[in-house]
Amino acid sequence: MNKYTHGRTCVYNINYHIVWCVKYRRKVLSQKISERLYELCHEIAKAKGFTVVEVKVGENDHVHCFVSAPPKISITQIVKYLKGISGNRLLEEFPELRKSLWKGHLWNGSYFVETIGSTSEDNIRRYIERQKNVQL
């Protein structure tokens with residue numbers, strides 16, 4: 001598999017490991033909600049011009065996401081898309097989430113991000129794959 005992406009004006013290999021949490025670390029990401037979140041992340045990425053390589057929920061209260069993106073899209077914009085759109089859609093589709101959360105926010109305001117070099121890509125994939133989605 002070629003690790004480089006060929007764009008119109010550049011060749012790149014830009015990857016990020018992003019982690020964000022549910023507001024108040026509430027353990028509300030059930031299997032059903034998590035599966036919908038996975039679908040949403042892939043849909044958002046496709047629509048906005050980047051790729052979600054892997055996404056998993058850990059301990060029902062946080063999300064690990066492995067993203068590959070072109071250099072024209074900032075990490076801030078990627079996180080804004082993923083958290084903003086997915087949060088709004090999940091709150092619409094699963095109104096029961098509002099019982100554990102208030103003020104209309106699913107996600108905590110902060111996030112963690114690190115760049116992934118080509119040598120550690122496999123390690124990050126294995127790490128995210130091992131994340132357990134523990135049932136409540």
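Helices here are DSSP runs of H or I with at least four residues, numbered from the N terminus. Just after one of them, H1, Gly 49 takes a positive phi of about 95°. The model is a predicted one.

Q: What makes Arg 36 buried?
A: Buried means under 20% relative accessible area. Arg 36 has a relative accessible area of 15%, so Arg 36 is buried. Arg 36 lies in helix H1. Leaving aside residues up to four places away in sequence, Arg 36 touches Glu 43, Arg 89, Leu 90, Glu 93 and Phe 94.

Q: Which other residues of H1 are buried?
A: Besides Arg 36, the list holds Ile 33, Ser 34, Leu 37, Tyr 38, Leu 40, Cys 41, Ile 44 and Ala 45. Their cover includes strands S3 (15-21), S4 (51-58) and S5 (62-68), plus helix H2 (75-93).

Q: How do you know what span to expect of H1?
A: The rule is 1.5 Å times one less than the number of residues. H1 covers residues 31-48, which is 18 residues. From first C-alpha to last, H1 reaches 26 Å, close to the 26 Å expected.

Q: Why is Arg 25 called partly exposed?
A: Partly exposed lies between the buried limit of 20% and the exposed limit of 50%. Arg 25 has 43% relative accessibility, so Arg 25 counts as partly exposed. Arg 25 sits in the loop between S3 and H1. Its phi is near 55°, a positive value in a residue other than glycine.

Q: Is Asn 60 buried or exposed?
A: The buried limit is under 20%. Asn 60 has 2% relative accessibility, so Asn 60 counts as buried. Asn 60 is found in the loop between S4 and S5. Asn 60 also has a positive phi, about 60°, although it is not a glycine.

Q: What is the order of elements along the protein?
A: From the N terminus on, the order is β-β-β-α-β-β-α-β-α. That comes to 3 helices and 6 strands.

Q: Why is the protein as compact as a globular protein of its length?
A: The globule rule gives 14 Å for 136 residues. The radius of gyration is 15 Å, close to that value, so the protein is as compact as a globular protein of that length. Its C-alpha atoms fill a box of roughly 45 × 25 × 20 Å along the principal axes. Of the 136 residues, 43% count as buried.

Technical notes
Residues numbered from 1 in each chain as written. Predicted model: local features only at pLDDT ≥ 70, side-chain atom pairs only at ≥ 80, totals over all residues. Heavy atoms only, no water. Helix = DSSP H or I, 4+ residues; strand = E, 2+ residues; numbered from the N terminus. Buried < 20%, exposed > 50% of the residue type's maximum accessible area, 1.4 Å probe, protein only. Contact = heavy atoms within 4.5 Å. Rg over C-alpha atoms; globule rule 2.2 N^0.38 Å.
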